[in-house]
Amino acid sequence: MTYNFDPDKWYDNELFLIQSKLKTGEMNQNGYDEAVEALDKKLEKMWKRLDGTYQINNGN
């Protein structure tokens, strides 16, 4: 199985949604700032989980 998840593309999509909400008035500037901050933290945590090499324990 391949895992083709792209965190940067995910971030861009999520940011676009947040920006759209700001532009349509569904969200105010304060809500936007908070949402972007939360999104940045989520991306940072995601990269920390994804950063590393896959290892198979050979029993030793």
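This is a predicted model: local features need pLDDT of at least 70, side-chain atom pairs count only at pLDDT 80 or more; totals for chains, interfaces and linings use all residues.

Q: Which residues is Val-36 in contact with, leaving aside its neighbours within four places in sequence?
A: Val-36 is in contact with Tyr-11, Leu-15 and Ile-18 once those neighbours are set aside. Residues are numbered from 1 along each chain as its sequence is written, and side-chain values use heavy atoms, with hydrogens and water left out.

Q: What makes up the secondary structure of the protein chain?
A: There are two helices and zero strands.

Q: How do you know that the span of helix α1 agrees with its number of residues?
A: The expected span is 1.5 Å times one less than the number of residues. For the 18 residues of α1 (residues 7-24) this gives 26 Å, and the end C-alpha atoms are 26 Å apart, so the two agree.

Q: Which residues of α1 are called buried, and why are they said to line one face of the helix?
A: Pro-7, Trp-10, Tyr-11, Leu-15 and Ile-18 are buried. Buried means under 20% relative accessible area, exposed means over 50%, and partly exposed is in between (1.4 Å probe, protein chains only). Seen down the axis of α1, the buried residues fall within an arc of 125°, so they line one face. The arc is taken from the directions from the helix axis to the C-beta atoms. These buried residues pack against α2 (29-50). On the other side of α1, Phe-16, Lys-23 and Thr-24 are exposed.

Q: Why does Thr-24 count as exposed?
A: Its relative accessibility is 56%, which puts Thr-24 in the exposed class. The side chain of Thr-24 also reaches the backbone oxygen of Lys-21 at 3.3 Å. A polar contact is a pair of N or O atoms within 3.5 Å; within protein, one must be able to donate a hydrogen and the other to accept it, and residues adjacent in sequence count only if both atoms are side-chain atoms. So the 3.3 Å pair falls inside the limit.

Q: Why is Trp-47 called partly exposed?
A: Trp-47 has a relative accessible area of 38%, so it is partly exposed. This residue is in helix α2. Apart from neighbours within four places, Trp-47 is in contact with Pro-7 and Asp-8. Asp-8 is 39 residues away along the chain, while the C-alpha atoms of the pair are separated by 9.7 Å.

Q: Why is Gly-31 called partly exposed?
A: The relative accessible area of Gly-31 is 22%, so this residue too is partly exposed. Gly-31 also belongs to helix α2.

Q: How do you know that the buried residues of α2 are on the same side?
A: The buried residues are Tyr-32, Ala-35, Val-36, Leu-39, Leu-43 and Met-46. They cover an arc of only 100° around the axis, which puts them on the same side of α2. What covers them includes α1. The face turned away from this buried side carries the exposed residues Lys-45, Lys-48 and Arg-49.

Q: What makes Asn-28 a cap at the N-terminal end of α2?
A: A side-chain oxygen of Asn-28 lies 3.2 Å from the backbone nitrogen of Asn-30. At the start of α1, a side-chain oxygen of Asp-6 reaches to within 3.1 Å of the backbone nitrogen of Asp-8.

Q: Which residues form the largest nonpolar core?
A: The term covers buried Ala, Val, Leu, Ile, Met, Phe, Trp, Tyr and Cys residues joined through side-chain atoms within 4.5 Å. The largest such core has eleven residues: Trp-10, Tyr-11, Leu-15, Ile-18, Met-27, Tyr-32, Ala-35, Val-36, Leu-39, Leu-43 and Met-46. The elements giving two or more residues to this core are α1 and α2. The largest share, six residues, comes from α2.

Q: How many residues are in the protein chain, and what share of them is buried?
A: The chain has 60 residues, and buried residues make up 20% of them.

Definitions and conventions:
Helices (H or I, at least four residues) and strands (E, at least two) are DSSP runs, numbered from the N terminus. Contact means heavy atoms within 4.5 Å.
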